[in-house]
Number of protein chains: 2
Amino acid sequence: MKRLDWNALDPAAQLQALARPAQSRAEELRRGVEAIVAKVRAEGDTALRELSAKYDRCAIDAIEVTVEEFAAAEAALAPELKAAIEEAAARIAAFHRESAPRPVAVETAPGVRVERVLRPIAKVGLYVPAGSAPLPSTALMLGVPAGLAGCREVVLCSPARADGRCDEAVLYAARVTGVHRVFKLGGAQAIAAMAYGTGSVPRCDKLFGPGNAWVTEAKLQVSGDPDGAAIDMPAGPSEVLVIADGKADPEFVAADLLSQAEHGPDSQVILLSPSDALLDRVAVEVERQCAALPRASIATQALAQSRLILVDSLAQAVAVSNRYAPEHLILQVTEPRALLDGIDSAGSIFLGAWTPESVGDYCSGSNHVLPTYGYARSYSGVSVASFQKQITVQELSADGLRAIGPCTATLAEAEQLEAHRRAVTLRLAALEARA
Amino acid sequence: MKRLDWNALDPAAQLQALARPAQSRAEELRRGVEAIVAKVRAEGDTALRELSAKYDRCAIDAIEVTVEEFAAAEAALAPELKAAIEEAAARIAAFHRESAPRPVAVETAPGVRVERVLRPIAKVGLYVPAGSAPLPSTALMLGVPAGLAGCREVVLCSPARADGRCDEAVLYAARVTGVHRVFKLGGAQAIAAMAYGTGSVPRCDKLFGPGNAWVTEAKLQVSGDPDGAAIDMPAGPSEVLVIADGKADPEFVAADLLSQAEHGPDSQVILLSPSDALLDRVAVEVERQCAALPRASIATQALAQSRLILVDSLAQAVAVSNRYAPEHLILQVTEPRALLDGIDSAGSIFLGAWTPESVGDYCSGSNHVLPTYGYARSYSGVSVASFQKQITVQELSADGLRAIGPCTATLAEAEQLEAHRRAVTLRLAALEARA
């Protein structure tokens, strides 16, 4: 792990210390994804079968998961895992229900009622990757808010294994959250199928979920096309930033850093501390714990580019964290709430010694689909609002129009929009004629 | 105006009846904007001056509006217009304040506290077009929620007139809403300047506002670049759909149709009614009122491709409207609230005879930056939430971890993420050792 002293770095080196792995939309990637999208649009299900054989190395006969496959998945699953999926879903639902937007009604002037009503996005597509391992938790994180929003058609795509089946836990999580249809599709072809529709896959209005560079590029392409679909957010590799003081338990800090590092070789892991001694101890602990992990080789690659950074104070740690805008931010300090107000940008925050990041990944109730790669500066994680539209409604009585009509007419005149003005003044004249 | 009978059309003709003008991202437009963006990134302010001279046909010496220019604008403005700007700002603030997201805190299990906190997006860029006329109302619609969200730096770009000055009402509206800095810039170059920063223009995290095809293309390009900026939404030409019953006043309906048609030759105007007689009367009224408009030639072009469509019922009108997903939806029917629950997709809705669309454009309190071009199926209009990030926070006590730790460990094991599991189990072991 790279050891740095923030205050010994010049501005360029500080920039470098917080640099993320390059994610430029390489021309090759762009063209590759364009070709896949075009092929799916032109050939539909035929293209999906061909691309699945090529990229997921699996032969799928029926693209859609059948009732029998759902039943077989449920029968095959350990009762303990089924119970954990249900428990997590219930807690995710509890938090997401409470934080869902509410309808609003305001009288902004006498006789002028302005409201906000909520409507589900009708058809949504969820993407659950299955790169190195199945991710039932992602099915929960997308399926629960889609269900709470009341989306009419919830479609989920996840690549099949080599045996042509989807992971049993993913199917069970989809079933528990009320996902309507699941398709054995992965990569850019899954995104294209949900954005444009094929014979089997319905066309969706908005697409959600993490994925690799191909999936992310496909999401960007379809979201830039008026005939495509909206997306939740751009995405990059997962990342964590930990702020720890001298009293933090190095064993806990190391475990949190490693639980991020095991995600993939391009995962980002940063520790900021004003305590040199803690940095020393964490470095030792990370090495010790890492050696015992089944995914030690992945974690080691991620750690090779990770950083332990000495700062002069917790306040400086907060400033550096805000500059980085981490997806996950862990505050392993004695008084984490004292730092919270100073945090400008992060996807999700974990306070204190007993809140490992993994509880947020699975079942504290918050969402784990979060902005990565600095997008936390401007994006929020997925929530019920992501699956809804907020529509404004206004209703004026005759008195309401009398109250705000003149203001409207004055502004319309300033903008040289005479028909806008007249839509008001001819009504006011009609009211006067009737009076 | 084209007259159609919905139930006499075959599916292809129905599709055609609701088709919008083509907005494909033509290769030529894309390349042109790419060149402008690249030039601004490479040459900064020099490029901005050159491009302003070329595209806005104005020579700007200082790019930023000065204190003196603000003062001169305020002095030049009619008191009645200043008062209208202030009145509109107050009403927009009243509705936006009430509909802003609230912090949330939920105990999802004993000892498991999950919260949502709100943070402003630090630096935001507002774009106010000035194509055929100045748009102070757009400065209000963007500046008010930015101010309520508490954004640290609010930047506004609007093209200068040929005399090198910005419109006085736009400057006054910017001042009233607390915009921090205004730059005399338009088009793709304004978007590039705010996304990447130049010597004069600060780099912004998120960009907002309507614009022409060049502005829209530039927003799409910078939002697809991790080094660029987020955007509010894609945009197309403005549009209205009116549902009117046989009792609607044809004079009012015609005035509303025209107030949309005068926006631009590519504006969309659709009227749905189950009453043949009303369609007749509106057609006559539109022609009569249009002739008296200063922008009659623009409105006439828009009307040439607009449609009066006979439907068999109000229920069918709602179904057709949902399929179109209009930016503005006017319900000029006797009982508009009876239709409201059936509306799935619209940007903003106007109920009854005394609610012309123009009140929403200026001062009912709702926002007029709304999803066009069918994006109302998946996007919402601008609100305070558009200028904020929602960050989740979790804090577990030792008991909290005991409560949800086992569920976390089970799910981590199912996903083969052993370090995630151990981050929990080694804490639980430490708790047991201490007990």
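Q: Why are strand β4 (residues 123-127) of chain A and strand β7 (residues 206-208) of chain A called paired?
A: Two strands count as paired if DSSP finds at least two bridges between them. One position in the pairing is Leu126(A), whose bridge partner in β7(A) is Phe208(A).

Q: What makes β6 and β8 of chain A edge strands?
A: The open sheet has 5 strands in the order β6-β5-β4-β7-β8 (chain A), with parallel pairing. β6 (181-183) and β8 (230-231) each have a single partner strand, so one side of each lacks a neighbour in the sheet. Strands here are DSSP runs (E, at least two residues), as helices are (H or I, at least four), numbered from the N terminus.

Q: Which strands pair between chain A and chain B, and over how many bridges?
A: Strand β14 (residues 388-396) of chain A and strand β13 (residues 348-351) of chain B pair over 4 bridges in the parallel sense. Within this pairing, Glu395(A) stands opposite Leu351(B).

The model is predicted, so local features need pLDDT of at least 70 and side-chain atom pairs count only at pLDDT 80 or more, while totals for chains, interfaces and linings use all residues; side-chain values use heavy atoms, without hydrogens and water. Residues are numbered from 1 along each chain as its sequence is written, with chains lettered from A and ligands numbered from 1 in the order in which they are written.

Q: Why is the link between Asp280(A) and Arg3(A) called a salt bridge?
A: The term requires a side-chain nitrogen of Lys or Arg within 4 Å of a carboxyl oxygen of Asp or Glu. The closest N and O atoms of Asp280(A) and Arg3(A) are 2.8 Å apart, so the pair qualifies. The partners lie 277 residues apart, with Asp280(A) in helix α11 (residues 276-291) and Arg3(A) in strand β1 (residues 2-5) of chain A.

Q: How many salt bridges link chain A and chain B?
A: The count between the two chains is 8. One of the salt bridges joins Asp256(B) and Arg427(A), at 2.8 Å from N to O. Helix α17 (residues 418-434) of chain A gives the most to the side of chain A that touches chain B, with 11 residues.

Q: What makes up the interface of chain A and chain B?
A: Contact (heavy atoms within 4.5 Å) involves 122 residues of chain A and 122 residues of chain B. The buried area, which is the accessible area (1.4 Å probe) lost on putting two parts together, summed over both, is about 10400 Å², 59% of it on carbon and sulfur atoms.

Q: What are the bounds of the domains of chain A?
A: An automatic or database assignment sets the bounds: domain 1 (2-19 + 236-365), domain 2 (27-100 + 119-231) and domain 3 (397-434). The centres of domain 1 and domain 2 of chain A, taken over C-alpha atoms, are 31 Å apart. Their contact takes 7 residues from domain 1 and 9 residues from domain 2.
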